[in-house]
Every structure is written in structure tokens, then in C-alpha cells.
Amino acid sequence: MKISPADAEDLRALGVSSLLDLALVLPRGFEDLSEAASPREGECSVRITTRAQRFGRVLLVSAWCDTWECPVSVSIFNARAWHKGAFGNGKTLLIHGKASFYAGGWQFTNPKIIKEFLGLVPHYKTALKDPRVRALSAKYLSLDALRAEGLTDEEAGILLALHAGDERAASMISNLNIARALGDASLDAENLGGEGAKILRVLKFVEIYNYIKKLSAKKINFPAEKITANDLEGWFAELPFKPTGDQIAALADIRADLASEVASRRVVMGDVGSGKTLVMLGAAAMIYPRVAILMAPTSILAEQIYEQAKLLLPPYMRVALVRKGGKIENGDLNFKPNGDNSNLNDFNLIIGTHVLLYRDLPPSPLVMIDEQHRFGSEQRRKIEELASGGYSNLNATRPHFLQFSATPIPRTLSLIQSNFVNFSFLREMPYEKNIHTIILQNSGFAALLAHLKEQINRGKQAIVVYPLVEESEAIAYQSLSEAAPFWQERFERVFVTHGRDKDKEETLARFAAEGDLLLATTIVEVGISLPRLTTIVIVGGERLGLATLHQLRGRVGRNGGEGWCYVYTKLKTPPARLREFAATLDGFEVANIDLKNRQAGDILGGAFQHGATFEYYEMEEEIAKEAKSRLALFKFETQNSR
């Protein structure tokens, strides 16, 4: 869309960055400012000439209605001084207001004075005045312009009709609102939704088509070094376990990425405990002897991956763990990199936290990030620099970029976002889990205490997660500091930590080795492996998103077996979403439940987040598929017409 400089600022104020954005800025309603030819109840506009007036707390005006050729009365409550002048005796003016027939005559209540009869006037809910929005729509929206965006004549015609500002447009908006109120029923039954259902279906399509189109335009292809990946069959045979089919499939996806001369961005998405670490290590093994870089959000998680790397990778691969302060740990005691333990050039896999962002790293064809959403905004910016290989030259080769996430997203969302990144999914679990999810209320607390004591007596561990560190009047639950004495009086080897605890990682490590009960905040959501942990209690569970609840539940039974997740609430009737959460262990199903309560992730701004607002589209998979197919055809036809 070519925009004149004079309009650019106003379009930005509307949040418009594409022609279809503007097409979706629809009137919220219409005001009828046409002259009413005959008396009628309700809102209407007429010409009056005032004849007499009386004043008090209410301004009462007698007038002759020139339009209807009959007397009318005008009542103005909370009248101001200017009303007296405006409605002075003998004045002729145009008014718009609510008319009603009362006590044998027509009267208007609190009308407004208008300058002219304007007909139907659309009203928008935007940062700009209504006439300016109308002018921009009229200037830029046309049949040819909408066709050029890939819409059909029918879709373009409906959008233009909605913007026409006439009686037809008002009727269409009214029918649309009826269809939206009916919800899904209007889309399935023509007799319910009628025209409104058809309009709603078009708007859903245009909205998601526009989103995918912009997402596709954001993706930039950069050159990459083409790599012939090593065969992993021999490595698989040496592993102490058999990889799952999903792990093997994900590594095959990565192999195909490495063989391409275009730098890939892939998200490997697996439920808690699905074996993402093995995929990380396999990806590093595929590019040996080249160096792979792997960054984790916490020191504990980086150390866990490092220990797994030493245990599972072939002995000829040299692995380094970069700790805080820049100290490098090298698992091979006989290997001294160039006699200097600060040199990273001779390693094949470099593991660390965000400390890697501030190091001079050797050139790498593969950069891997675990749980990128847990890094801060400045760290994510530097991760993007790392993913670009630190190059500003668009023609320079870039590394392939792998993100790993234990927060599954629904199928429809991945379908949409695949225009920007590729996805591999780990749905199979290496270990069979049997986790019981129990919604806990006050009546079940004694049974919980008995369960905890029984599990701890068997050498197991438990975690109790609190919503806050300190007391707050804003919520009805105890804080971590308030509750700690209760547990410390009843159990031995109780550890306490939270996000502001400078020694939290040391505390978590000590708990893993020798603790019975850990009291913490949601910092335990990611990055801690506790093989003896069988029970987690989440206080105030209704205050947390389902993704966080699922991550916390995932701390239990990491290596399989039986476990328990108690979600404690003081609500008399637990929310339906908690009951649905308790009924499934499938993270992808949890994501679908969560999607019903929260909007999709907005990755146009950079990171996967919740909050992308769709006004009409409601994650219908078939509409997203249609939009993707249409966009692919549109791109093909556009390229071939050049």
C-alpha cells in the first residue's frame, strides 16, 4: 500500500500497517442524521422553529416542527447557559434526538444541535475522528486494491460494502453483530446467522490471512553454510536407551535444515520430559568436528545438559561448560585447549547461560537456545545477534538457529506461525508417567500432610509453590515467608528459596542432594531435575496460567513412575479450566485449553508471547489452512506475473 506522507501518521495512530489492516477497521455503529420525513418513535433529525420557552432546572421549549408541520416540545435536563441562547424564541435550527409521543404530542429529550442533515453517519472506536477514518478508507480501499492483496471479488465486495456508510452498510453491521452474539451457531445454521454469518466468516478469513501475510513478509532468508551431517546410527546404538520416534524425526528435520543453503529457524517443541536434551546433543554430534553453541536460561539447567553431554556424547567430542565469571569447565582431564583453559576454539560443543552472550565465541554453523522466553528483553536482543552470527552484511552466511521449548502450543497456532519458523514436535515420552492431579481444598489438607509424610519417609521429595514471597493484602493466600514456619515445625530438611534469593541455585542444588521439602515460588518451573521428587503442591493455582501449572507439574516424575500434583484453591467452586487441566497430562491438550482463555502468541513483534488480538478469528484450523493455501497461491501467481 503506497501511503502519502500526510496520511502515514494517522494510519499509524489507527494501528494500520497494511491495506487489509485498514479494511478491518469497521464502523462500530451508525447514527441516522437524515431528515425524518414523518413522525416516528426513537432517534431522528428534524428542523424546528422555537416559539416560546420556560426556564427552571429543566429547559422546556415549545417549537414548531417545520419538517413534520406540527407542534413539538423539547426538554433539556441539566441545561447550560448556552442552551438558553441556542433555543431562543424564533430560532430555526436542526436537532437530532430521541422522539416520543406523550400526552397528545411529540417531544424530544436532550437533543443535540446539528449543522446539516448528513444521512447515515458511521462511528468508529479509534484514536482518530470519525470523518478522518472515513476519508482514509475512501481514499485507499477499492476493488482493485483489495484484489491486489489476494482477496476474491466476493470478499472485497463485502469489505467495501461494510465501509460504504449507507443503509446497506448499517444493515450488514447489525447482522454481523447478531452473528457474533450467536457465536459458532451462526456459522453452522443459515437460518440463525443469515447474512451476518457469511460476513463473519469473511472477516475471520481476512483477519488471519492478513496476519499470516504480514508474518510471511517478516521472514527473511539468509545464506547459510551447507553441511553434510554425520550419520547418527552408530551413536544411537551406543546410547543406554532407545530414542523415541519423535526424537529421531526431529533430528531428521534438523539434518534437512543443515543440508540447506538457507539459514533455518526451527522450534523443537516437546512436553515436559519428552527428551529435548537428546535432540540438542544429537544436533551437535551431526556437525562434528564443527562447534555448536548451546545456551540455557539457568546455571542449573546448563550444568544438567553438560552432565548429560559428558555421559551420552561420543568420547571424541570435546564439551565445555562456561560458568559465571567466564570460567570454563572441561570434562576431559587430558585435554588442555592450546594450554589455555579460557580458549573456546578447540571445543565441539559450548554450553552456558547468558554469559555466552558476552564472550568472543568461535564461528558456529549451529546456535541452540533452550527456553528463550525465559531470557530478558535485552538478552533476547543479543540472542538475535548471536543467531545472525554477529554479521550485519546480508550476504554473509548465518548459523542455523534452533529453539527448544517445553511449553507446547496448539496445532492451529503452530500452523499459523510456521510461516515464520519451522516446527518439530516431541509428543512421545521416553518414560511412562502416572501423575495424579488433585484439586485441593481446605477439607483435604489433613490428607495432604499424611501423604507428604508417607512419601518423605520413603526417601522421596516434595515441593510447595507459593504465589508471593512476602505478605500481601492483595491476595487471600499466605506468602512464602508467612508459611515457612508451619512446614519447618513439621518436617526436617526444609529448604526455602525464591527469585530474589542470591543463593537460589546453590539452595536448589543442596535440596536436590539432601532435602525433603522445598518451599519456593514459580522459579522451579524450569531448569531443575529432581529424580526423587514425587509431589508438588501449588498454592493459589487459579492465579497461574495453565502453561505454568503444567510446567510445575512436569517437575514430578521426570524419570517416570507415580507422582502427585496438588492444586490448592480457596475458591468454593474451582474454575472449569482447573478441572480440565486436572483431567489430562498431555501438554498439547493443556495448550488447547489455555488457548480458549487467552489469545494467540504475537510473534510479529519478535518473541512468542500471549496477547495477539484477533477480533473475529477464533483459532479455527480450517480457516487458517485456507488462508495459508491462498497466500501460497497468491505468492506463486505474483512471482510468475513479473
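Trainee: Over how many bridges do E8 and strand E15 (residues 422–426) pair in the parallel sense?
Mentor: Strands are DSSP runs (E, at least two residues), and helices are DSSP runs too (H or I, at least four), both numbered from the N terminus. Two strands pair if DSSP finds at least two bridges between them. For E8 and E15, which pair in the parallel sense, the number of bridges is 5.

Trainee: What pLDDT do local features need in this model?
Mentor: Residues are numbered from 1 along each chain as its sequence is written, and side-chain values use heavy atoms, with hydrogens and water left out. The model is predicted: totals for chains, interfaces and linings use all residues, side-chain atom pairs count only at pLDDT 80 or more, and local features need pLDDT of at least 70.

Trainee: In E14, which residue is the bridge partner of Val-267?
Mentor: Strand E14 (residues 400–405) runs parallel to E8, and 5 bridges join them. Val-267 has its partner in E14, namely Gln-403.

Trainee: Why is strand E8 (residues 265–270) largely enclosed by the rest of the structure?
Mentor: Buried means under 20% relative accessible area, exposed over 50%, and partly exposed in between (1.4 Å probe, protein chains only). E8 is largely enclosed because, of its 6 residues, the number buried is 5.

Trainee: How far apart are the closest N and O atoms of Glu-626 and Arg-201?
Mentor: A salt bridge puts a side-chain nitrogen of Lys or Arg within 4 Å of a carboxyl oxygen of Asp or Glu. By this rule the count is 30. Glu-626 and Arg-201 form one, with closest N and O atoms separated by 2.9 Å.

Trainee: Which helices does that pair, Glu-626 and Arg-201, link?
Mentor: The two residues are 425 apart, so the pair joins distant parts of the chain. Glu-626 is partly exposed at 30% relative accessibility. Arg-201 is partly exposed at 30%. Glu-626 lies in H23 (residues 621–640) and Arg-201 in H10 (residues 195–218), giving helices H23 and H10.

Trainee: By about how many helical turns are Arg-510 and Glu-514 separated?
Mentor: Their side chains meet in a salt bridge, N to O at 3.5 Å. Arg-510 is partly exposed at 42% relative accessibility, and Glu-514 is partly exposed at 41%. Because they sit 4 residues apart in helix H19 (residues 504–514), the separation is about one helical turn.

Trainee: Is Glu-621 buried or partly exposed?
Mentor: Glu-621 forms a salt bridge with Lys-625, at 3.6 Å between the closest N and O atoms. Both lie in H23, 4 residues apart. Lys-625 has a relative accessible area of 40%. Glu-621 has 22%, so it is partly exposed.

Trainee: How many disulfides does the structure hold?
Mentor: A disulfide needs a pair of cysteine sulfur atoms within 2.5 Å. The structure's total is 0.

Trainee: Which cysteine sulfur is nearest to Cys-70?
Mentor: Cys-70 is buried, at 17% relative accessibility. Cys-70 is in no disulfide; its nearest cysteine sulfur is 5.3 Å away, in Cys-65.

Trainee: At what angle do helix H17 (residues 445–457) and helix H18 (residues 480–490) pack?
Mentor: Axes are lines fitted to C-alpha atoms, for helices over the stretch in contact, and angles run from 0 to 180 degrees between N-to-C directions. The axes of H17 and H18 are 12 Å apart, and the angle is about 50°.
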